[in-house]
Amino acid sequence: MTTAALSPSFGGILRSEWIKLRSLRSTFWCFLIMVVITIGLGFLLAATFRSDSELPVDAQQGIWVQVATLGIGFSQLVAAVLGALVITGEFGTGMIRSTFAAVPSRFPAIAAKGLVVGVATFVVGLVSIVITAVVTAPLLPSVGIHPDLGDGAAWLAFVGGAGYLALIALLSYSIGAIIRNSAGGIATALGLILVLPTVLQIVAGVTRATWAQNLGKFLPSDAGAQMYSYPSGATTPPDVLVLEPWQGLLVLAAWVVVLFAVASVLIKRRDA
Amino acid sequence: MIEARTLTKRYGAKTAVDSVDFTVRPGMVTGFLGPNGAGKSTTMRLIVGLDRPSAGSVTVNGVPYAKLEAPLREVGVLLDAKAVHTGRTAENHLLALAATHRIPRSRVHEVIALTGLESVARKRVGGFSLGMGQRLGIAAALLGDPATLILDEPVNGLDPEGVIWVRTLARHLAGQGRTVFLSSHLMSEMAQTADHIIVLGRGKVIADAPVAEILALASGDAVRVRTPEPERLGGLLTEQQATVTSTEPGLLVVSGLAAARIGELAAGAGVVLHELTPSAATLEEAYLSLTQDEVEYHAGGEAA
């Protein structure tokens, strides 16, 4: 019998969750789709972009950032699906019982899983966005866009885009941990990310109510979109809110923190 | 050592485990026996902290499971064979569990070899048979080389060779001084493996004794009667103060009446008999008589 009474450590639990994440096919496919979508849509926009007039430098940089981040609108859905699946898959298969038997305090396992998913999504997101930005840069001058690769604001938007994807994955992860069912978790997360903003837009369009527009700015996808927008100086109606990128980050982070806190309490309390 | 004190679990209005007290001691195999739905699995989940007790407490080595320093190194648990993500390979499943407690890769390969999973270790668990799933669950339970093993229905789905393997393994582990607690709904299985048996029926402990003592409960003669009209004959016999149980359609196990008397009664009523065998009650029958009032789901008919 082994006498070494080595207790679980957070490092060990992190390693365990990393093994779990990389040993599932769904992870590989989700990340591959994210990379392909980001690079593919970037190329598509770079190849089809036309401008009749010479654009100012700011606007040119804005187009370049848009090329690199265009895929986020779609890859966020994949990030959301992956985020929900990593936890609902454990509930669905019964794996969660093995997980909680190994880490009976539960919270470290849930936190480590979230951390691993968040970091992996961030890295994959950043790599795909940066690859898109770099490989499309030589194509753009032919359509009158001259990207400045040394522009800090553009790189901040790239990092912001990757951070957005990571936070969306975590948002969905928390929802999955609360709902514990793959179909329900994914549907709820996509509803929050995709459907709710559209509903508010329709309400705002029909009633011309400023409150509906302003409320929409605090939804995860709208607020988070500020994280990867290039400062353009575009004008908006005076009553409509515009969040700064850091404010967008805070709003999205708040969504994640609140939902993750709820998930943690429920996970601790509920029978597995 | 596992100690349950007035351990209770309610799900809504239903009481799955009803103020249960028992002690599972080291150095022997303790069988946890009861019909399906008796509360065995719930009790085991309560022991390892997956479910919270509604009342009472249960400890492993004097400590609630959740408070153990290194749970996997102290308690190995097989809850159900499929507490595994079906999309992952057996090896990765074990590596992930091992990583939490910094259990080395070499130990993972040891338990894979010990449970005979080498050829399928790199296959996805989703394609495993029930028996392979059981072996993987047992491999996971053995990972931390724990002094306490809790195995819920470990022989379920195993082929005869696998059943003997589990039996030998359980005896071997207990022989090393470990606490081995395993559940089954089959008395015959328990009789061959366990030193001590705790019988659970409808969430209550209805017997807690050494195997020999449980066997003694099987004293008293019984008669096996096979008939195409079990309901009618069962009714007749019950009127004569006999105890009638049924383990399969058409088969009655009767105690309290001699075989000759049963034959006369049947002949008098014109009931055809296909078999009439006096026998000392088997363990299975003793178990049935122990739990017959505590079974939640009867097979139906008067015979039950």
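**The sheet of chain B**

Author: In chain B, an open sheet is formed by 6 strands in the order β5-β6-β7-β3-β8-β9, with mixed pairing. Strands pair here if DSSP finds at least two bridges between them; strands (E, at least two residues) and helices (H or I, at least four) are DSSP runs numbered from the N terminus.

Reader: Which strands stand at the edges?

Author: β5 and β9 (204-210) of chain B do; each has a single partner strand, so one side of each is left without a neighbour in the sheet. From one strand to the next, the twist averages 15°.

Reader: What kind of model is this, and how are things numbered?

Author: This is a predicted model, in which local features need pLDDT of at least 70 and side-chain atom pairs count only at pLDDT 80 or more, while totals for chains, interfaces and linings use all residues. Residues are numbered from 1 along each chain as its sequence is written, and chains are lettered from A and ligands numbered from 1 in the order in which they are written.

Reader: Back to β5(B): how many bridges join it to β6?

Author: 4 bridges join β5(B) to strand β6 (residues 148-151) of chain B, and the two run parallel. Val75(B) stands opposite Thr148(B) of β6(B).

Reader: Which way do the residues of β5(B) point, and are they buried or exposed?

Author: Val75(B) and Val77(B) point one way, Gly76(B) and Leu78(B) the other, and all are buried (20 or more other C-beta atoms within 10 Å of the residue's own, with C-beta atoms placed from the backbone).

Reader: What about β3 and β7 of chain B?

Author: Strand β3 (residues 28-33) and strand β7 (residues 179-184) of chain B run parallel and are joined by 6 bridges. Met28(B) stands opposite Thr179(B).

Reader: A change of topic: at what angle do α6 and α7 of chain A pack?

Author: Helix α6 (residues 107-136) and helix α7 (residues 152-179) of chain A pack at about 150°, with axes 8 Å apart. Axes are lines fitted to C-alpha atoms, for helices over the stretch in contact, and angles run from 0 to 180 degrees between N-to-C directions.

Reader: And how many residues does each chain bring to the contact between A and B?

Author: 32 residues of chain A are in contact with 34 residues of chain B, contact meaning C-beta atoms, placed from the backbone, within 7 Å. The elements giving two or more residues to the chain A side are α1 (10-22), α2 (25-48), α4 (72-93) and α5 (95-102) of chain A.

Technical notes:
Buried ≥ 20, exposed ≤ 12 C-beta atoms within 10 Å, placed from the backbone. Contact = placed C-beta atoms within 7 Å.
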